Amino acid sequence: MASSLPDTMRAVVQTGPGKATVESVPMPKVEHGSALIKLDTSLVHSNVAHIFKADHDMFQLPYPIIPGSFGIGRIAALGPDATTLQEGQLVMVSSLIRARDDPSVNVIRGVFAGFTPESQHLYKTLARSGFFAEYVPAPLENIYRLDETRLLGSPQVGGLGYTTGELVVLSANAIVYASMRSIALQPGERVIVTPATGHYSTAAVDVAVALGARVIAASRSAAGLARLKETYPDAVETVQLTGDIKTDGIALGAFGPVDAIVDVSPPAATGATNFAAALSVLRERGRVTLVGGREDETLPIPYLKAMINNWTIKGSYMYSREDLEGIVRLAEAGLMKLGKRAGHVVHGVYSLDDFLAAIDKAVEMAGPGALVYIKP
Ligand SMILES: NC(=O)c1ccc[n+]([C@@H]2O[C@H](COP(=O)([O-])OP(=O)(O)OC[C@H]3O[C@@H](n4cnc5c(N)ncnc54)[C@H](OP(=O)(O)O)[C@@H]3O)[C@@H](O)[C@H]2O)c1
């Protein structure tokens with residue numbers, strides 16, 4: 001397949017915040033330690049609009065870049081040192097790239113170039129080429145093989161019957177899975193996921209259920225919560241938050257002791273009361289993982305209560321290779337629901353030329369399990 005690769009590919013080329021066109025660009029080179037993936041499906045989620053417009057300092061990228069942060073595709077060409085991967089295999093490509101000479105230096109392709117000269121250098125040299133393209137180059141260690149027969153195969157022959165578009169949530173699922181692993185969430189434990197209706201927080205509900213936890217989904221959106229309850233009538237309880245800590249605390253505590261909290265609040269929830277309400281019912285030796293993007297300089301954590309109750313409060317950023325391998329295993333085992341089984345709905349499938357419409361659709365339809373993707 002590698003020998004038949006064209007010299008150029010089509011890609012969205014972004015030259016500044018909100019400025020991009022579809023162009024023909026040179027085909028990325030495959031060198032030692034890397035592979036080239038022919039993309040089948042590229043994720044478009046609601047946050048891409050913020051990233052595309054760079055409306056937050058963290059989304060300023062060293063343009064020109066090719067946007068897009070996650071995708072599923074097939075290996076089109078492999079560097080000479082690849083040992084196990086093979087051309088033609090269905091794979092997902094993670095976008096967290098770590099510098100090989102200093103893994104603490106890292107960037108997220110299509111999202112975040114870091115604030116240090118080292119991370120900016122890494123972005124410019126390894127991460128400029130994102131997933132809104134026909135092909136994406138990737139370090140070999142960023143590639144994860146997917147069991148095509150199991151994931152895409154028909155249920156009549158033991159497959160799970162997913163489409164590749166239904167697999168684009170795997171990146172979000174891996175991020176929240178990493179956060180739950182970091183607090184050792186156990187089967188049977190009761191966990192509050194708050195909020196519960198965004199791209200990442202819905203993923204948190206899907207993953208917590210897959211891990212066997214009893215989930216309390218705490219969010220403001222009645223419609224979003226109703227959808228979660230419909231998908232998981234036994235495993236998920238829902239609490240529609242009012243914003244009043246006492247009222248919400250009583251509602252959250254009504255199901256029994258709460259072992260853990262997964263907070264996935266976005267920047268818009270800075271200063272919101274959902275986290276304080278959840279903390280108000282956390283049990284002794286309870287654990288908290290902070291995986292969202294609130295921008296508070298301080299959080300309402302009662303010092304004495306945290307000390308007396310031996311609470312663990314952990315931040316969680318992205319994932320490790322083990323987390324990604326684990327999330328693929330959970331999907332392939334069928335323990336973690338995806339696609340229609342998880343109540344996810346495909347709201348739009350777009351070509352590269354229509355990437356702006358894809359971004360608009362992702363914003364318009366943002367909500368639990370809303371899927372929008374590009375077929376390059
Ligand atoms: N740790 C990591 O490595 C990592 C990786 C990727 C993303 N993230 C972060 O994860 C966060 C969540 O992402 P997302 O895409 O799920 O976010 P989102 O879709 O923007 O928002 C999620 C939910 O937040 C609730 N919300 C919005 N405004 C609120 C407010 N003013 N007060 C209270 N709740 C509010 C809404 O639910 P209701 O209306 O139902 O309350 C909304 O559905 C982002 O900040 C993202 O940066 C972290």
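Biologist: Which strands and helix each supply at least two residues of the lining of the second largest pocket?
Modeller: This is a predicted model. In it, the lining of the second largest pocket takes at least two residues from each of several elements. The strands are strand 1 (8-16), strand 2 (19-26), strand 3 (34-43) and strand 8 (135-139), and the helix is helix 2 (117-127).

Biologist: Which element gives the largest share of that lining, and how many residues does the share hold?
Modeller: The second largest pocket has a volume of about 570 Å³. It is lined by 24 residues, and those closest to its centre are P28, T125, R128, S129 and P137. By class, the lining has 14 nonpolar, 5 polar and 5 charged residues. The largest share comes from helix 2, with 4 residues.

Biologist: How many cavities of 30 Å³ or more does a search of the whole structure find, and what is the volume of the largest cavity?
Modeller: The search of the whole structure finds 2 cavities that reach 30 Å³ or more. The largest cavity has a volume of about 80 Å³.

Biologist: Which helix gives the largest share of the lining of the largest cavity?
Modeller: Residues lining the largest cavity include Q14, V48, F52, G110 and F355. Two elements give two or more residues to this lining, namely helix 1 (48-53) and helix 11 (355-364). The lining divides into 7 nonpolar, 4 polar and no charged residues. The largest share, 3 residues, comes from helix 1.

Biologist: From which domains does the lining of the second largest cavity draw at least three residues each?
Modeller: The second largest cavity holds about 50 Å³ of space. Among its lining residues are T202, R227, L228, H344 and P368, and helix 6 (residues 222-231) gives the most, with 3 residues. By class, this lining has 3 nonpolar, 5 polar and 1 charged residues. The domains that each give at least three residues are domain 1 (2-167 + 338-374) and domain 2 (172-315).

Biologist: How far apart do the C-alpha centres of domain 1 and domain 2 lie?
Modeller: The domain assignment of the chain gives domain 1 and domain 2. Their contact takes 12 residues from domain 1 and 11 residues from domain 2. The C-alpha centres of the two domains are separated by 29 Å.

Biologist: Which residues does I327 touch, not counting residues up to four places away in sequence?
Modeller: Leaving out residues up to four places away in sequence, I327 touches M92, L170, N173, A174, Y177, V207 and M336.

Biologist: Is L282 buried or exposed?
Modeller: L282 lies in strand 14 (residues 282-290). Beyond its neighbours within four places in sequence, L282 is in contact with residues including V258, I261, V288 and W311. Buried means under 20% relative accessible area. L282 has 6% relative accessibility, so it counts as buried.

Biologist: What distance separates the C-alpha atoms of L282 and K305?
Modeller: L282 and K305 are 23 residues apart along the chain.

Note on methods
Residues numbered from 1 in each chain as written. Predicted model: local features only at pLDDT ≥ 70, side-chain atom pairs only at ≥ 80, totals over all residues. Heavy atoms only, no water. 1 Å grid on protein atoms, 1.4 Å probe; cavity = no way out; pocket = protein on both sides within 12 Å on 5 of 7 lines; lining within 4 Å. Points joined across faces, edges and corners; volume = space filled by probe spheres on them. Nonpolar A, V, L, I, M, F, W, Y, C, P; charged D, E, K, R; others polar. Domains from an automatic or database assignment. Buried < 20%, exposed > 50% of the residue type's maximum accessible area, 1.4 Å probe, protein only. Contact = heavy atoms within 4.5 Å.
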